[in-house]
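Hi,

Here is the structure I promised to pass on. Have a look at it first, and then read my notes below with it open beside you.

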Amino acid sequence: MSRLPATPGVGFKPQHFAAIRQDARPVGFFEVHAENYLGAGGLPHAQLTALRADFPLSLHGVGLSIGSPHGLDRDHLARLRALCDRYQPDSFSEHLAWSSHGAEYLNDLLPLPYTPQTLALIIDHVDQVQTALARPILLENPATYLLFQQSEIPETQFLQAIAQATGCGLLLDVNNLYVSAVNHRRDPWAWLDAFPLDLVQEIHLGGHATEDLPSGPLLIDDHGSAVADPVWALYAEAIARHGPLPTLVEWDNDLPDWPILAAEAARADAILRHAGLAHAV
């Protein structure tokens with residue numbers, strides 16, 4: 001399970017390395033996309049090794065394709081195991097999605113139909129991943145742009161069933177929840193009400209883009225801007241209910257200077273501290 005501190009963290013980007021090293025109190029932890037560090041050495045590993053010496057680390061997978069009906073890539077799993085053995089991360093997470101078809105890999109995280117058959121497949125794959133990595137993982141709720149007519153199980157119940165069957169934890173991406181709810185014309189607060197917060201061990205926050213279509217707004221989870229106010233409100237409510245949790249601010253595109261990203265983390269920190277005081281009373 002996650003051993004990350006219940007503090008704000010950010011996704012590490014090499015462009016920020018020098019500023020981070022000069023910041024006396026940057027953040028509580030860093031997260032990197034695991035697939036960016038599957039090489040043997042070089043500057044990426046030199047920087048990550050330096051950060052790992054001083055900070056807790058989260059590895060976030062984006063290429064396992066846990067929802068693929070063609071099975072998991074054993075070689076990829078072996079490389080991820082070697083990376084985990086090398087850095088001993090405090091958390092490893094992946095997405096409830098698929099991104100491969102046979103030997104072809106797609107640069108996207110694609111949705112799944114929520115059916116009993118898919119549920120059995122995901123449970124089997126999560127078990128395989130946890131066995132291969134010799135550690136429990138966290139599974140993240142997706143941002144989705146379409147629904148399947150075949151889906152029989154609400155997403156929140158689907159995630160809960162996976163966690164209960166495999167012993168994995170859940171990673172609640174609040175921006176993904178909001179994006180999905182708006183895209184499917186559903187109430188994000190009701191979606192949060194249904195989410196199994198007792199199984200959540202980490203939270204992600206990120207920005208999204210909006211496209212105005214004749215049918216209404218379409219939100220795109222692009223991690224290219226500051227966290228939106230409605231997402232902050234949902235996050236504050238989730239933390240108020242659960243108590244403080246490790247909280248990652250993701251900003252992967254149109255990167256700002258380090259102080260802007262650090263300010264986003266500071267906003268999360270204020271919410272975490274308020275919730276910590278409330279739960280201590």
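One term to start with: two strands pair if DSSP finds at least two bridges between them. The strands themselves (E, at least two residues) and the helices (H or I, at least four residues) are DSSP runs, numbered from the N terminus. Before you dig in, note that this is a predicted model, where local features need pLDDT of at least 70 and side-chain atom pairs count only at pLDDT 80 or more, while totals for chains, interfaces and linings use all residues. Residues are numbered from 1 along each chain as its sequence is written, and side-chain values use heavy atoms, with hydrogens and water left out.

Now the barrel. Eight strands close into it, in the order S1-S2-S3-S4-S7-S8-S9-S12, and their pairing is parallel. From one strand to the next, the twist averages 25 degrees (axes are lines fitted to C-alpha atoms, for helices over the stretch in contact, and angles run from 0 to 180 degrees between N-to-C directions). His33 has His60 as its bridge partner in S3.

Next, go to Ser91 in strand S4 (residues 91–95). Is Ser91 buried or exposed? It is buried, with a relative accessible area of 2%; the cut-offs are under 20% for buried, over 50% for exposed, and partly exposed in between (1.4 Å probe, protein chains only). Its side chain makes a polar contact of 3.4 Å with the side chain of Glu202. By polar contact I mean a pair of N or O atoms within 3.5 Å; within protein, one must be able to donate a hydrogen and the other to accept it, and residues adjacent in sequence count only if both atoms are side-chain atoms. Leaving out residues up to four places away in sequence, Ser91 touches Ser2, Leu4, Leu57, Ser58, Leu59, Leu138 and Glu202, where contact means heavy atoms within 4.5 Å.

H4 has 18 residues and reaches 26 Å from its first C-alpha to its last, close to the 26 Å expected at 1.5 Å a residue. (The expected span is 1.5 Å times one less than the number of residues.) Its buried residues include Leu119, Ile122, Ile123, Val126, Val129 and Leu133, and what covers the buried residues of H4 includes helix H3 (74–87), S4, S7 and H5.

Which residues of H5 are buried? They are Glu155, Thr156, Phe158, Leu159, Ile162, Ala163 and Thr166. Seen down the axis of H5, they fall within an arc of 165 degrees, so they line one face of the helix; the arc is that of the directions from the helix axis to the C-beta atoms. What covers them includes H4 (116–133), S7 (138–140), S8 (169–173) and helix H7 (188–194). H5 is followed by Gly167, with a positive phi near 80 degrees.

Arg185 is another non-glycine with a positive phi, about 55 degrees. You'll find Arg185 in the loop between helix H6 (174–183) and H7, and at 44% relative accessibility it counts as partly exposed.

Further along, S10 (residues 209–213) and S11 (residues 216–220) pair in the antiparallel sense over five bridges. They form a hairpin with two residues between them. Along this pair, Asp212 stands opposite Pro217, and Ala209 has Ile220 as its bridge partner.

Last stop: His242, in helix H8 (residues 229–242). This residue is partly exposed, with a relative accessible area of 29%. The side chain of His242 reaches the backbone oxygen of Leu197 at 3.5 Å. How far is His242 from Leu77 in space? The two are 32 Å apart, C-alpha to C-alpha, and 165 residues apart in sequence.
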